[in-house]
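Take a moment with the sequence and the fold before reading on.

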Amino acid sequence: MNDKRPPMKSSERLDEMIRAFEPAYPFISDAYDDKKPLACSECFTDIGLRLEARNVTAMTGACPKCESKKGVLITRKSAMVLAYRYFSLGTMHEPDYGRAPLLVFNEHTKTTQNIKDANITDLEKFEEVLGMGFFEYGPPLWMLGEIEPLKALRKKRQRPAIISEILDRYPSIILPKDQMFFRVRVNPSGDPSLYAQYDSPPKDINVEKGRWDSKQLSIMYCSPDIQTCLHECRAHVSDQVFLASVTGRSNLRLLDLTHHLEESGDWFRSLDLSIQYLFQAGRHSYEISRAIAKSAKDAGFDGLFVPSHFSSLRTGHHYFQAIRGMPIRAFPALREQQKAKVVPNLLLFGHPIEESKVKILSVNRVHMERAEYTLRFGPVIDEGLFFF
Ligand SMILES: [Zn+2]
């Protein structure tokens, strides 16, 4: 071998891997972009797939396959993006923690018999016309939550040791006292002009507890992002919605769980992934979040800075979390993109208004004028036919 290039650092090797490896949309290479139409959206039977094709390309003209001029034209590259969005993101399986697609594809494989047996509409057109085969994804098990710190967090007796590690490894940040954030109330029972309405619920009131608050710890849920506040409150168009604009009366000390812990190597021991999966998980995970909040309070923090459960919905960042069996979070080149995915929530412990930790600058009624959904479609499939 005459390769005299100096050895690459592992971070460079990871970046090189992204350039070399395409199927993880949005990194599908322009090498596939030959602008040559192979089929069109009208070639598909499934209406969701036709609509999804329009999310991917706007190229029009006569279809070389069915001769229709009504649809959008599909090239090799747009076919790959479409297959990624519709068949991979569209078949995302979500166990208690983590997530992984059931179906993946490439242009070197024939579609497996198991997938043929699932009779997914239009799949054969991707194979015949667009030259790609589909197979069951065998995810690395960390993608399904098989991560040691996360497993320990789920066990009450092992939980304190991991929480103590979280308090050690995640940074403490200061929220400057002039930095504004927001607090929403939906259909308050009392006078909405009273600032006390915007504090955490009084301890003696039996309200449904959320992801972070508990009988032991009241929490004032806030966010620097108004839209996230509204979505977190599940506000409907017919609700009376009020918004308080808030700042600290002094600097507030927060545990920053939006921080990206830099780890390498053994993803099965990753605390960073454990925390990510915790934020994405449903109600079954709340006892863990609540225990973390309680410990942070006991450690003297004023609150937590955490990624909203609805971050991906707010930012529209949807892609699966592995490239070649490694977490996307491991790639330095994608770090900024990962950061952009996070919409933070600000959780303040206790009753910050009553305790004079924060002040309300003003209170407004909020009217929802218009809402718009950006949608992605996928097939309806019987998950039981697949491996996990
Ligand atoms: Zn066509």
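Which helices do the buried residues of H7 pack against? They pack against helix H6 (148-153), helix H9 (271-280) and helix H10 (286-298). Residues are numbered from 1 along each chain as its sequence is written.

**Helix H7**

In helix H7 (residues 159-169), the buried residues include Ile 162, Ile 163 and Ile 166. A residue is buried if 20 or more other C-beta atoms lie within 10 Å of its own, exposed if 12 or fewer, and partly exposed in between, with C-beta atoms placed from the backbone.

**Helix H3**

Helix H3 is mostly covered, with 12 of its 13 residues buried. Among them are Met 80, Val 81, Leu 82, Tyr 84 and Phe 87. The cover includes helix H2 (47-56), helix H5 (123-128) and strand E5 (103-106). The length of H3 (residues 76-88) fits too: at 1.5 Å a residue its 13 residues should span 18 Å, and its end C-alpha atoms are 17 Å apart, which agrees. The expected span is 1.5 Å times one less than the number of residues.

**The whole chain**

The protein chain has 12 helices and 16 strands; helices (H or I, at least four residues) and strands (E, at least two) are DSSP runs, numbered from the N terminus. Its C-alpha trace spans about 70 × 55 × 40 Å along the principal axes. Of the 388 residues, 35% count as buried.

The chain is divided into two domains, with bounds from an automatic or database domain assignment:

| Domain | Residues |
|---|---|
| domain 1 | 10-93 + 103-136 |
| domain 2 | 148-366 |

The centres of domain 1 and domain 2, taken over C-alpha atoms, are separated by 37 Å.

**Confidence**

The chain averages a pLDDT of 87, and 91% of the residues score at least 70; pLDDT is the predictor's confidence in each residue, from 0 to 100. Over residues 20-24 the pLDDT is below 50. Where pLDDT is low, the predicted coordinates should not be read in detail.

Technical notes: Predicted model: local features only at pLDDT ≥ 70, side-chain atom pairs only at ≥ 80, totals over all residues. Contact = placed C-beta atoms within 7 Å.
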